[in-house]
Amino acid sequence: MGMRGMILCVWTAFVTLFVFQVHDGRALEIGVRANIWINDISGTVQGNNGNTGSELRLSGDLDLAIHGDPFGEAFVGIGRHHVTFGLTYYDQEGTRNAKEDILFGGTTIPAGTQVKSNLQWIMLELEYAYTLLDLTNILAGFSLDGFVAGRYQNGEMSLDGGNQSVKRSISWVRPLAGVRLNLGFLADILEVRLKGGGIKFSNEHLLDLLGEVSFNPLPFVGVGIGYRHLSINVDANGLEQDYNLSGPFAGLTVSF
C-alpha cells in the first residue's frame, strides 16, 4: 500500500464513521494533534543489495545524534470506534571521516574520506481502535482501547564521499497491534495518555511506546508534554534498519 492508498483508506474510514453518526445520532469526535519530538538515535544500518556490507553505526560512524522532528495525527471517533491517521517525519544529516572502507549499496568509499550521510523518511499509520473499557465520573475518567494498525515507511538513506554517491531506498508496510490507556482528572482538565504497540517477526520487530500528560485550559484545546520511544528493526529494499529513536516531545491538540 502506497501513500495514495493510505490516504484513500483514511478518507473512506472518516466518511463511513460520519455516515454512521448521522444515521444513529451518536456523538462524533474529531481532532488533530501536532508534536515536536527531540529524539536521539542509536543503532545501525547496513545496505548492500542483500549481501554482506558495512554495518554503520548511525551515531559513531555517521554523526547522527539528537534532532528535532515533527509527528502528529488526525483522529475521528464515534461511540467505541476510533480511526486515527498518524504521521512521523525524520530527516537528519551528518558528516564524518570514514575510519575504514565503507561498503554500502554495492559501492566502496575508501577509509579517510569525508562522508556526508542523510537519513530521511516519512512514516504513515492507519489505526483502528475499539474501546474495551470506559469508566467516567464528574472528577475522573478511565478508558482502555485495543487497536490494530498498519505502518508504511518511505524514504532513503544516502552516503556521499569523495567521488562516490550511493542511495538505498526505504519502502515497506508492516502491521502492529497494541493498547492505549487514557486517564482524565478534574473533568478532563488534566489528562494522561499512554500508548504502546508493536509486532515481532523472526528477525524483525517494530515497537512504538508513548506517554503524555496534557493540560486542557480551554474546551477544545490541549497542550501536552511526553516521551516517545520508537524501535525499528526491518530489512527491506536491500537496507537493514536496526535503530531506536527516543526522547521528549511537546505538542498541541485541537478537538471537538
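Which residues does Gly72 touch, not counting residues up to four places away in sequence? Select Gly72 in this predicted model, and then display Arg33, Ala34, Asn35, Phe85, Gly86 and Leu87, which Gly72 touches; a contact here means heavy atoms within 4.5 Å. Gly72 belongs to strand 3 (67-78). Helices (H or I, at least four residues) and strands (E, at least two) are DSSP runs, numbered from the N terminus.

Before going further, please note that residues are numbered from 1 along each chain as its sequence is written, and that side-chain values use heavy atoms, with hydrogens and water left out. As the model is predicted, local features need pLDDT of at least 70 and side-chain atom pairs count only at pLDDT 80 or more, while totals for chains, interfaces and linings use all residues.

**Around Gly72**

Phe85 and Gly72 are separated by 13 residues in sequence and by 8.6 Å in space, C-alpha to C-alpha. With a relative accessible area of 18%, Phe85 is buried; buried means under 20% relative accessible area, exposed over 50%, and partly exposed in between (1.4 Å probe, protein chains only).

**The whole chain**

Now colour the chain by secondary structure. The chain has 256 residues, of which 45% count as buried. Among contacts with a separation of 6 or more, 65% are between residues 24 or more positions apart.

**The largest nonpolar core**

Select Leu119, Trp121, Leu159, Ile232 and Tyr243: of the 32 residues in the largest nonpolar core, these touch the most other members. The elements that give two or more residues to this core include strand 1 (28-47), strand 7 (114-136), strand 8 (140-161), strand 12 (221-236) and strand 13 (239-255). Such a core is a set of buried Ala, Val, Leu, Ile, Met, Phe, Trp, Tyr and Cys residues joined through side-chain atoms within 4.5 Å. In soluble globular proteins, nonpolar side chains tend to be buried together.

Then centre the view on Tyr243. Leaving aside neighbours within four places in sequence, its contacts include Ile41, Val45, Leu58, Leu119, Trp121, Gln153 and Ile232.

Select Glu29, Ser143, Asn182, Asp188 and Glu191, which lie nearest the centre of the largest pocket. This pocket has a volume of about 1200 Å³ and is lined by 47 residues. By class, 17 of the lining residues are nonpolar, 16 polar and 14 charged.

Move on to Glu125, Arg151, Lys195, Asp208 and Arg228, the residues nearest the centre of the largest cavity, among a lining of 21. The space within this cavity is about 220 Å³. Strand 10 gives the most to the lining, with four residues. The lining comprises eight nonpolar, five polar and eight charged residues.

On a 1 Å grid over the protein atoms alone, a cavity is a set of points where a 1.4 Å probe fits but cannot get out, and a pocket is an open set with protein on both sides within 12 Å along at least five of seven lines; lining residues have an atom within 4 Å of a point. A volume is the space filled by probe spheres set on the grid points, which are joined across faces, edges and corners. Ala, Val, Leu, Ile, Met, Phe, Trp, Tyr, Cys and Pro count as nonpolar, Asp, Glu, Lys and Arg as charged, and the others, Gly among them, as polar.

**Thr131**

Select Thr131 in strand 7. Thr131 counts as buried because its relative accessibility is 6%. Display its side chain together with that of Asp145: a polar contact of 2.9 Å joins them. A polar contact is a pair of N or O atoms within 3.5 Å; within protein, one must be able to donate a hydrogen and the other to accept it, and residues adjacent in sequence count only if both atoms are side-chain atoms. Beyond four places in sequence, Thr131 touches Arg80, His82, Leu144 and Asp145.

**Two loop residues**

Finally, select Asp63, in the loop between strand 2 (56-57) and strand 3. Asp63 has a positive phi of about 65° although it is not a glycine, and counts as partly exposed at 30% relative accessibility. End at Asn237, in the loop between strand 12 and strand 13, where phi is also positive, at about 60°.
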